[in-house]
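Subject: Structure handover, cavity and pocket

Hello,

Please find the structure below.

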Amino acid sequence: MKTMHNKYTIPAMVLLTLLSTFLGCKREIINKLSFEPDIPIETDLLPIADAYVQDGENAGTNYGNVSYLVAKDDQQNYRREIYLRFDLTTLPEPISNIQSAHIELHGGVADASDTANAKWVYYTTKEKNWNEKTITWNNAPQIDQQIGELNGKYKGDNQAVSFEIPNSVLKAAINADKKISIKIIAQQQAPGLKSFYSDFRSKETQDVKLQPRLKINYTAAPSSYYSNVVMDKITFDSIQHDIATSEQARTLLRKQLTTVAEAALSSSPTPVNKISDPDARGKVQADAAKIYALALQYFLFQKEEHAKQYVDKAKEFLLSWAAINIPIDHPPQESVYLPFFTGYSLIRAQIDSDSRAQIDTWLKNRYDFYKIQPLRPNNWETMRNLLMLDIAYILDDEDRINQAKTDFDKHHNTNYRADGASVDFLGRDAFAYHIYDMEFAAQIGRTLYIKEGRSVVDNFVNHRSTKWINLRIDPNDPPVLGGSMADAVSFMAPYVMDPERYVHLEFVNTEYAPDKNREDYNKPYRAAGSTYAFVQVAAVMKEDMLLFLKKISPSFNRYTDLRYYINSFGPSFKPSPATSATLYGKYSYRGWFKELELGKYSQSELAALGIIDNGLSSISIPKGLRCILYDNGDFTGNSITLTGNNIDLSKFNFNDTMSSLVIEKL
């Protein structure tokens with residue numbers, strides 16, 4: 001999350017006049033002066049790992065999954081220490097001057113009477129890549145240097161405690177590997193007195209406002225960024241820094257962007273009335289690529305001499321199409337126009353008002369046409385949502401934005417089964433269509449975080465469908481809690497990462513007869529054919545997609561593909577903490593359903609929650625948890641231990657058998 005403060009700009013013409021008059025300076029010298037100050041910015045980062053460790057008998061125990069962090073000064077066997085690790089690569093570049101930085105934790109000393117003799121001492125650690133799921137007292141990283149200490153404060157109602165980080169320490173981390181790891185210990189002010197216990201909320205806590213944060217105040221050089229639907233300011237500023245410092249970046253942009261844009265300068269638009277006209281699709285695709293390249297070339301290199309020629313040429317193309325082109329009722333075909341719209345967003349602020357009005361009218365007419373199209377619960381609806389949302393934000397039309405978001409929310413709540421299988425996968429029986437739909441969903445996520453802030457990404461990716469109905473089994477089923485986009489990636493991951501072991505024959509059970517004539521019909525899914533989608537899904541899940549892309553091509557990196565390159569500067573997705581399992585009364589995650597938190601549930605306790613005895617048929621268990629089912633109500637009798645998603649308990653001979661259960665961490 002990032003807060004931008006207002007920038008104060010000196011009235012330049014007034015100042016120039018004064019300087020010319022009173023100092024006698026020559027205009028050509030004055031024109032070289034810049035009066036824009038650096039921009040003050042405050043940003044905060046969640047830790048990518050946090051945990052506490054305990055000595056003695058628990059020295060080999062890991063506490064990385066709990067919702068609290070403990071620091072305790074005590075005798076052996078009772079000492080506890082806190083570790084936090086932050087990734088600084090998401091900070092925009094360049095940062096010209098760090099003003100201050102501190103780690104904010106919510107909590108404090110548990111007993112108010114202990115605060116007078118309490119303090120915390122904190123250090124950097126030598127090892128910065130420790131894993132919160134495996135760190136223990138025995139393997140915890142060694143300290144590097146002490147960087148501060150703080151008098152104890154009573155925790156009260158989860159008050160914030162600030163651990164100041166010296167600027168020199170943060171700058172050194174940024175200049176080194178862009179990682180910082182901190183250890184916090186509890187220590188008595190006067191040794192030998194009563195020990196004290198302190199605790200804070202960890203990143204696993206459910207209340208986002210109470211999660212740990214590294215807060216940094218700094219100034220950045222003025223940016224030439226302006227609003228669009230392709231990238232946010234952090235991405236833009238990071239790319240500008242990359243262009244200035246990386247030959248790999250310059251080579252990528254020259255080959256995949258500048259060459260295309262320069263070729264487009266000498267070409268002419270080829271507008272068509274409709275994409276369904278004979279030979280029209282190829283013309284739409286060709287001009288879409290040219291418009292996007294021209295616009296992006298200007299946006300990234302707008303300070304270069306002759307940059308305006310790219311705007312003028314892109315405007316020529318857009319006006320030509322706006323004059324005669326109309327939409328059709330086929331979202332997959334209409335999605336080919338997306339580069340027209342995203343490209344326009346990059347130059348809209350730079351063109352004259354008359355031209356802008358003509359192009360805006362073209363977009364408004366398209367939006368209004370898309371708005372009245374019938375809803376289809378598959379990739380058609382995802383594309384319709386994206387087309388509407390991008391246009392609405394480009395026009396900065398609040399009513400259209402709200403309508404587009406409402407339509408998408410409805411669709412997002414019906415798209416994924418509890419295990420992550422999408423409507424498209426179930427309808428077409430193909431991962432090719434599963435990821436095809438996600439390609440457009442991810443672009444919706446990117447537009448939302450560009451316009452509403454990076455913090456929306458976690459909710460977007462972790463959001464579980466709330467009105468899932470398996471239309472292929474019974475469209476009259478009551479809606480149940482489904483899965484999320486994160487689940488959808490996990491659902492297909494084995495078929496990407498281990499294709500020899502996990503094989504899916506594509507389109508075998510499709511409900512669309514023409515699929516049986518496809519070249520890939522009844523052939524194993526091959527992830528290489530989905531690269532086009534993985535580079536777009538990286539907009540909201542870049543780490544997961546990089547794993548996929550490297551599996552397909554081990555040499556793949558940030559500078560391999562322009563689309564991935566832009567998305568790679570986006571936010572890092574953080575999975576929801578695993579705290580509950582979801583029970584269902586019918587196979588395939590249907591019927592009654594109930595979310596249960598960690599704990600033990602007897603027959604009577606389940607009944608009090610409205611769960612039918614001997615009525616469980618499927619269960620969804622997130623990674624990191626396991627469930628033990630018993631056929632007696634008091635945790636006795638036959639039992640079975642389950643992890644992951646279990647679509648039909650009859651394959652374990654445990655359908656309609658459970659009378660008590662335990663949900664616990666692995």
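In these notes Ala, Val, Leu, Ile, Met, Phe, Trp, Tyr, Cys and Pro count as nonpolar, Asp, Glu, Lys and Arg as charged, and the others, Gly among them, as polar. The model is predicted, so local features need pLDDT of at least 70 and side-chain atom pairs pLDDT 80 or more, while totals for chains, interfaces and linings use all residues. Numbering starts from 1 along each chain as its sequence is written, and side-chain values use heavy atoms, without hydrogens and water.

On a 1 Å grid over the protein atoms alone, a cavity is a set of points where a 1.4 Å probe fits but cannot get out; a pocket is an open set with protein on both sides within 12 Å along at least five of seven lines; lining residues have an atom within 4 Å of a point. Points are joined across faces, edges and corners, and volume is the space filled by probe spheres set on them. Helices are DSSP runs (H or I, at least four residues), numbered from the N terminus.

The second largest pocket has a volume of about 850 Å³. Its lining has 28 residues, and Leu-338, Pro-339, Glu-439, Gln-536 and Arg-563 are the closest to its centre. H6 (280-300) supplies the largest share, six residues. By class, the lining has 16 nonpolar, eight polar and four charged residues.

One cavity of 30 Å³ or more turned up in the whole structure. Among the residues lining the largest cavity are Phe-408, His-411 and Asp-437. H12 (398-412) and H14 (431-452) each give at least two residues to that lining, with H12 giving the most, three.

Regards
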